[in-house]
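Thanks, everyone. Let me put the structure up, and then we can walk through it together.

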Amino acid sequence: MTDPFDFDRPADAYGVMGNPIGHSKSPQIHSLFARQTGQRIVYDAILVDHGGLAQACGNFQAAGGKGLNITVPFKQDAWRWVDKRSERAQMAGAVNTIRFEADGSSYGDNTDGVGLIRDLQANGIELKGRRILLMGAGGAVRGVLQPLLQQFPLEILLVNRTLDKAQHLAADFTNLGQLRVSSYQDLPAQSFDVIINGTAASLQGDLPPLPDKVISSDSICYDMMYGPGPTQFLQWCQARGAQRYLDGLGMLVEQAAESFFLWRGVRPETRSVVQTLREQLLFGK
Ligand code: ATR
């Protein structure tokens, strides 16, 4: 690895590609990690035209870039573009982290799932033996299914408005653990230990059509989205007496930490970074 304290060398270049990208917190997160760990990197937010991901990645690599994060809507394009993939990226069908290797090849990983697990762990939430209700069947849920099943929950019930999409998704993961599928109407009259919102509903300020019977005051609620205050889903949980609810800000920081580790071989401390971002969100700094 390059010596981060060799100040004669230019700093190693990283970036995040997406569309839109203006509001990405990744440049700030990675510069906090770099400062904390003494790594000399530069990290930019890069707006990429629709259909332009392959070209943009190639240009970045040709200019000497060392690695990229890839965000909406390009994670599947990145999956197709990379030369090699980690097993978890292979299962996720999406790549959110690329490392450019010394031999000129590109290695694609997906750190979203481990980001969710690490954030749950950092908050003292154990999944082993728990009943999990997981909402959604898009790319976000595909990315977390394998790492969730690896925690040995009693079961995961996948619920989606479009049932056949959930069935199709689940079929790729049923050999990894107890995974069932339901529509919102057919959910059982029993509360779940952990309820995770992996839908895009919170982005639109919307709420999945969850019946009250699935939640109790002991249910732990997690929204993979985040905002300045509790999301619609977390407000819904609060109103039904849930004592513990978390948004996806911690997951964002943890997935970034795993990318940083993949690139630099150093694991940054994350909780102070979550705290900094939380204060900015709350106080609009
Ligand atoms: P992503 O890659 O972010 O997961 P996606 O592939 O478009 O995005 O998937 C979005 C998911 O959110 C889908 O599971 C979608 O449900 P449908 O498959 O039934 O469309 C879910 N979703 C979006 N808005 C929702 C809402 N208001 N209520 C419930 N589910 C919603």
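A pocket, as I use the word, is an open set of grid points where a 1.4 Å probe fits, with protein on both sides within 12 Å along at least five of seven lines. Keep in mind that this is a predicted model.

Start with the second largest pocket. How much space lies in it? About 240 Å³. The lining has 15 residues. Closest to the centre are Leu234, Tyr245, Leu246, Asp247 and Arg278. Two elements give two or more residues each: strand 12, at 244-246, and helix 10, at 271-283. Helix 10 has the largest share, with four residues.

Now, where does the second largest pocket lie relative to the domains? Domain 1 covers 12-110 plus 251-282, and domain 2 covers 113-247. Both give residues to the lining, so the pocket lies between them.

Then Lys165: an N or O atom of its side chain is 3.1 Å from an oxygen atom of the ligand. Asp206 faces a nitrogen instead: that ligand nitrogen is 3.0 Å from a side-chain N or O atom of Asp206. How much of the ligand does the protein cover? On its own, the ligand has 650 Å² of accessible area, and the protein covers 75% of that.

Last topic: the backbone. Please look at the loops here.

Between strand 1 (12-18) and helix 1 (26-37) there is a loop that holds Pro20. Asn19 and Pro20 are joined by a cis peptide bond, with omega at about 5 degrees.

Move on to the loop between strand 3 (67-70) and helix 3 (75-81), where we find Pro73. The bond from Val72 to Pro73 is cis too, and omega is near 5 degrees.

One more loop runs between helix 6 (139-149) and strand 8 (155-159), and Phe152 is in it.

Definitions and conventions: Residues numbered from 1 in each chain as written. Predicted model: local features only at pLDDT ≥ 70, side-chain atom pairs only at ≥ 80, totals over all residues. Heavy atoms only, no water. 1 Å grid on protein atoms, 1.4 Å probe; cavity = no way out; pocket = protein on both sides within 12 Å on 5 of 7 lines; lining within 4 Å. Points joined across faces, edges and corners; volume = space filled by probe spheres on them. Domains from an automatic or database assignment. Polar contact = N/O pair within 3.5 Å; in protein donor to acceptor, adjacent residues only side chain to side chain. Areas by Shrake-Rupley, 256 points an atom, 1.4 Å probe, with all protein chains shown as cover.
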